[in-house]
Amino acid sequence: MEKKIFNSTLVIAFSFMVAMLIYNAIFGTLVLIGLVLFVIVGLGICYYLLRKRNQFKQAYYLFGAFTYPVLAINFFNNDGIDGPTFYIFLLFHLIILSISPIRGYLSWSLINGASFLLLYYIGVFHEDLIPQIYPNKGVVFLDHAITYLACLTGIGFMVATLKEFYRSEKNKVKEKTNELTRMNRSLAKTSSQKDKIITIISHDLKNPLQSIMQTLELINKGDLPPEEMKFIHEELLKITTRTYNMMENILDWSSFELKNKSTRVKEIRLQELFEDTLEILKVIAKQKSISLLIQFKKNPLVRIETDRLLLILRNLVQNAIKFTPTGGQVSLEIDSRNEWVSISIRDNGIGISQDRLTKIFEQDIKSTYGTENEKGTGMGLHLCFQNAEKLGGNIDVVSEEGSGSSFTLTFPDGLSI
């Protein structure tokens, strides 16, 4: 701000001095003409130091150093207190304060006040030291009018510059504030996404890994016949491979989500898409001796974000297994009609209370426990609901406490888009 004000002041002062040079060439004396030329040279040096050499301090001190001597010479050669010199005192003080650091305010105020009082004292009590140069009252009026109007213009310019700088800085602060707000929102969104992704990974991978662990514990006991051992080894390899593939897909999708990249849409038959996931879910169900019945009434072709769809499928089926007692049954039915696909998951488990049913899809971070004390995060259904909406679909729930539950996901096949 100081540099901007100083630069503009030097330009205006230079223009004013050129006008004063012409004025003094007509009405003034050789002393005043020489003084004006001296000021023009001084302003030129200050401008050179400020703009060309970027030496603000040197220009600032030079400007302050030669101004008061110039005002004193002008006072003695321009009719003293009858001349317009004192108008310039206040203008100059305003300029010097606007470009000076705060610690210099007192010093410059003392110099200005002392210079003014000394010159005024001389003008009042030693007026014989000051020559009378005005030839008539018309010249007095003209000199005062020009100097006063120039000072008035200078003060107006200073105030306008300060206000413009304030407005500019205020807009910059506002832009920075808006930028920080956007960044905070983005960080909050990223943090929320990370929490959800951690929940998804822990929810979707925990059950398959538990199944693998239980199988390994069974093998470790060593009391299985060779034929059964061979079968278990084959099954273990299958579920481990499928779990690994599922983990890769989840992590890959998570990376896309965190980086806010464009959605990954695939065109695929649902039976082909669900194959590996359903095999893993069968093993999880088998660990609780639960029958997982799968029926493809139709095998629709869909064009959809498959990662989101698989996330919903895993969560809904695992939830059904979790809340169904040992020896129970979970059924999965896939159907389609008029460009809409439906996936229904029914169980004969413990069901859901009416109070819980009214807020089933709300974000609830309380841990939940299944029929075998399987611990959950409480986020699964909330994530299902959010992702169903992103697919353009919805989830309907029908449940009665003690009689099981039915979740139906309905979504467009995406082929008409």
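## Aromatic pairs and a buried threonine

The structure holds 17 aromatic pairs, counted where ring centres of Phe, Tyr or Trp (its six-membered ring) lie within 6.5 Å; planes under 30 degrees apart are stacked, over 60 edge-to-face and the rest tilted. This is a predicted model, in which local features need pLDDT of at least 70 and side-chain atom pairs count only at pLDDT 80 or more, while totals for chains, interfaces and linings use all residues. Residues are numbered from 1 along each chain as its sequence is written, and side-chain values use heavy atoms, without hydrogens and water.

| Pair | Centre to centre | Angle between planes |
|---|---|---|
| Phe63 and Phe92 | 5.5 Å | 40 degrees |
| Phe75 and Phe86 | 5.4 Å | 45 degrees |

Phe75 lies in helix α3 and Phe86 in helix α4, so this pair ties together parts 11 residues apart in sequence. Helices are DSSP runs of H or I with at least four residues, strands are runs of E with at least two, and both are numbered from the N terminus. Phe63 is buried at 5% relative accessibility, and Phe92 is buried at 3%; buried means under 20% relative accessible area, exposed over 50%, and partly exposed in between (1.4 Å probe, protein chains only).

One aromatic cluster includes Phe63, Phe92 and Tyr120. Tyr120 belongs to helix α5 (residues 105-125) and is partly exposed, at 38% relative accessibility.

Elsewhere, Thr408 sits in strand β9 (residues 405-412). Thr408 counts as buried because its relative accessible area is 18%.
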